[in-house]
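This briefing covers the surface, the fold elements and two local packing arrangements of a single chain.

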Amino acid sequence: MDAFPAFYPLAGRKVVVVGAGEAADNKARLFDGSPASLVRLSVEQALAPGAFDGAALVFIASEDEAFIVEAARAARRAGAAVKVVAVGATGAAPLLAAMLRNDIEAQVPEGAGRVAILFRSTRDEVRAALPDIGDRRAFLREALTGPAAQAAMAGDMDAALTRMREAIAALSSGPAVKPMGRVDFIVGEGPADLLSLRAARALSQADVLIVDPRLPPEIVAMARRDAHRAPFADSATLKLVELAGEGLRVVCALPGPLDPSIPRTLGLTGAGVAVLQQAPA
């Protein structure tokens with residue numbers, strides 16, 4: 001890959017945007033609603049001694065190359081990362097960068113950053129309560145759509161933390177019960193960009209991926225890379241009900257219309273396993 005995407009925790013961090021105009025405003029807008037402390041500096045202010053003290057990230061918006069070099073040097077001396085962006089095309093294709101950014105923004109809901117902060121702040125507590133990584137993953141998957149995450153998405157971090165800790169405390173109140181997993185059937189009849197967001201998210205969260213060999217490879221590439229994979233021909237012997245009973249998320253990806261008899265043939269009907277069907281948007 002030509003660019004390595006780096007992600008920085010923003011809680012308690014100082015972010016500096018240097019310059020004025022649309023480019024600087026666009027960068028500053030990225031941090032609306034984030035826990036970072038945003039500071040806007042004019043070109044003149046950026047050249048003052050100590051302008052970048054305490055900054056973690058610095059964005060410089062200017063057409064003056066000499067100024068950019070001088071300001072970047074000063075920011076790096078202060079220990080800041082300079083001009084760090086989440087999506088970049090190294091100047092070669094700004095339209096491609098914009099398209100990728102729009103795709104990411106469409107798939108990552110507003111408030112997801114607050115959920116990440118919540119999970120980070122309770123990581124040690126979850127690890128202590130659930131030493132087994134499989135149990136932790138199942139718990140966190142449930143938490144992602146639970147009341148704690150919903151409160152964080154809504155911006156109520158105090159309530160989110162309270163509800164997350166209530167869920168963790170409940171783990172020690174009795175024998176651990178693995179949440180029931182689910183089985184998703186995804187129909188991928190065309191290009192990957194025709195899949196619904198829900199189908200794309202299911203692929204990205206799959207623990208087990210059952211793939212028909214006729215499925216377009218660009219759809220298969222959307223799945224979690226560390227998911228266990230098996231051909232659809234082996235699905236009858238994989239005991240999908242047992243896998244879901246272990247809290248795993250199973251995705252069966254097929255190239256054409258789903259035969260309604262398939263879930264019944266695989267023993268899923270009446271087994272208490274959530275079965276969802278996803279088709280192109």
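The accessible surface of the chain is about 16,300 Å², and carbon and sulfur atoms hold 56% of that area. The model is predicted.

Overall make-up
- The chain has 281 residues, of which 37% count as buried.
- Its secondary structure consists of 13 helices and 9 strands.
- Among the contacts with a separation of 6 or more, 68% join residues 24 or more positions apart.

Open sheet
- An open sheet is formed by 4 strands with parallel pairing, in the order β2-β1-β3-β4.
- The edges are β2 (37-41) and β4 (81-82); each has a single partner strand, so one side of each has no neighbour in the sheet.
- Strand β1 (residues 14-18) pairs with β2 in the parallel sense over 5 bridges.
- Lys 14 has Ser 37 in β2 as its bridge partner.
- Helix α3 (residues 65-77) lies across β1, β3 (55-60) and β4, and runs at about 175° to β3.

Helix α7 and its cover
- Helix α7 covers residues 133-144, which is 12 residues.
- From first to last C-alpha, α7 reaches 16 Å, close to the 16 Å expected at 1.5 Å a residue.
- Arg 136, Ala 138, Phe 139, Arg 141 and Ala 143 are the buried residues of α7.
- The cover over these buried residues of α7 includes the helices α5 (112-121), α6 (123-129), α8 (147-153), α9 (157-171) and α10 (197-205).
- Strand β8 (249-254) is also included in that cover.

How values were computed
Residues numbered from 1 in each chain as written. Predicted model: local features only at pLDDT ≥ 70, side-chain atom pairs only at ≥ 80, totals over all residues. Heavy atoms only, no water. Helix = DSSP H or I, 4+ residues; strand = E, 2+ residues; numbered from the N terminus. Buried < 20%, exposed > 50% of the residue type's maximum accessible area, 1.4 Å probe, protein only. Contact = heavy atoms within 4.5 Å. Areas by Shrake-Rupley, 256 points an atom, 1.4 Å probe, with all protein chains shown as cover. Expected span 1.5 Å × (residues − 1). Pairing = 2+ DSSP bridges. Axes fitted to C-alpha atoms, helices over the stretch in contact; angles between N-to-C directions.
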